[in-house]
Amino acid sequence: MTKNQLANLRQEIRHLTGRRFSLERTAMGFVPMLRASLLERRFRRNGPAAYYLSIPNPAGTSRHRYVRKADVELIRRQTDAWREFSQAMAEWVRVNKEVEGLLRRIGEGRCVKIDLGGGR
């Protein structure tokens, strides 16, 4: 592998590590979160909205809990923070995997070829 190709791989890694740092800041923030989703339900076509928290159980099912109208905005912010955290962690895993692959390619590119000596 040429020096230019190695330099391009290093540059891509620097870009990805910057993105990873940004994702880590998002994940390590001090925003309160609720590990749930906020659902809006309308029981009549043009009727008022009712809000429920969908809370996942370890058994793979979900429980729904009614949310009072006065608490909807606070709950919305907290569930949005959880969604942002989850998405940041998923992208962080993808970026880490890509960085690892690029580092392995750099390692292979820096290796000296071994002459096995059997080609007379």
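I began with H2, which has 39 residues and reaches 56 Å from its first C-alpha to its last, close to the 57 Å expected at 1.5 Å a residue. The expected span that I used is 1.5 Å times one less than the number of residues in the helix. Helices (H or I, at least four residues) and strands (E, at least two) are taken as DSSP runs and numbered from the N terminus.

Before going on I noted that this is a predicted model, in which local features need pLDDT of at least 70 and side-chain atom pairs count only at pLDDT 80 or more, while totals for chains, interfaces and linings use all residues. Residues are numbered from 1 along each chain as its sequence is written, and side-chain values use heavy atoms, with hydrogens and water left out.

**Entry: H2, burial and cover**

I listed the buried residues of H2 and found Val 72, Ile 75, Gln 78, Thr 79, Ala 81, Ala 88, Val 95, Val 99, Leu 102, Ile 106 and Gly 109. Buried here means under 20% relative accessible area, exposed means over 50%, and partly exposed is in between (1.4 Å probe, protein chains only). What covers these residues includes helix H1 (3-27) and the strands S1 (37-42), S2 (49-56) and S3 (62-67).

I then looked at Arg 104, which also lies in H2, and which counts as exposed because its relative accessible area is 53%. From Arg 104 to Arg 77 I read 40 Å, C-alpha to C-alpha, over a separation of 27 residues in sequence.

Thr 79 sits in helix H2, residues 72-110, and it counts as buried because its relative accessibility is 2%. The side chain of Thr 79 reaches the backbone oxygen of Arg 76 at 3.1 Å. Leaving aside neighbours within four places in sequence, I found Thr 79 in contact (heavy atoms within 4.5 Å) with Leu 34, Ala 36, Ser 37, Leu 38 and Leu 53.

Gln 78 is likewise found in H2, and it counts as buried at 16% relative accessibility. With neighbours within four places in sequence again left aside, Gln 78 is in contact with Pro 32, Met 33 and Leu 34.

**Entry: H1 and the cores**

For H1 I checked the length: its 25 residues should span 36 Å at 1.5 Å a residue, and its end C-alpha atoms are 36 Å apart, which agrees. The buried residues of H1 are Leu 6, Leu 9, Ile 13, Leu 16 and Leu 23, and what covers them includes H2.

Which residues make up the largest nonpolar core? It has 10 residues, namely Leu 6, Leu 9, Ile 13, Leu 16, Leu 23, Ala 88, Val 95, Val 99, Leu 102 and Ile 106. H1 and H2 are the elements that give two or more residues to this core. Apart from it lies another core, of 7 residues, among them Leu 53, Val 67, Val 72 and Ile 75. A nonpolar core is a set of buried Ala, Val, Leu, Ile, Met, Phe, Trp, Tyr and Cys residues joined through side-chain atoms within 4.5 Å. I also looked up Ala 88, which is in contact with Leu 23 and Thr 26 once neighbours within four places in sequence are left aside.

**Entry: the sheet**

In what order do the strands of the sheet stand? The 3 strands form an open sheet in the order S1-S2-S3, with antiparallel pairing. S1 and S3 stand at the edges, each with a single partner strand, so one side of each is left without a neighbour in the sheet. The twist averages 35 degrees from one strand to the next. Two strands pair if DSSP finds at least two bridges between them.

S1 and S2 run antiparallel and are joined by 6 bridges, and they form a hairpin with 6 residues between them. Ser 37 stands opposite Ser 54 in S2, and the bridge partner of Leu 39 in S2 is Tyr 52.

S2 and S3 pair in the antiparallel sense over 6 bridges, with Pro 56 opposite Ser 62 in S3. Their hairpin has 5 residues between the strands, and Gly 60 in the turn has a positive phi of about 95 degrees.

Lastly I returned to H2, which lies across S1, S2 and S3 and runs at about 135 degrees to S1. Axes are lines fitted to C-alpha atoms, for helices over the stretch in contact, and angles run from 0 to 180 degrees between N-to-C directions.

Notes: A polar contact is a pair of N or O atoms within 3.5 Å; within protein, one must be able to donate a hydrogen and the other to accept it, and residues adjacent in sequence count only if both atoms are side-chain atoms.
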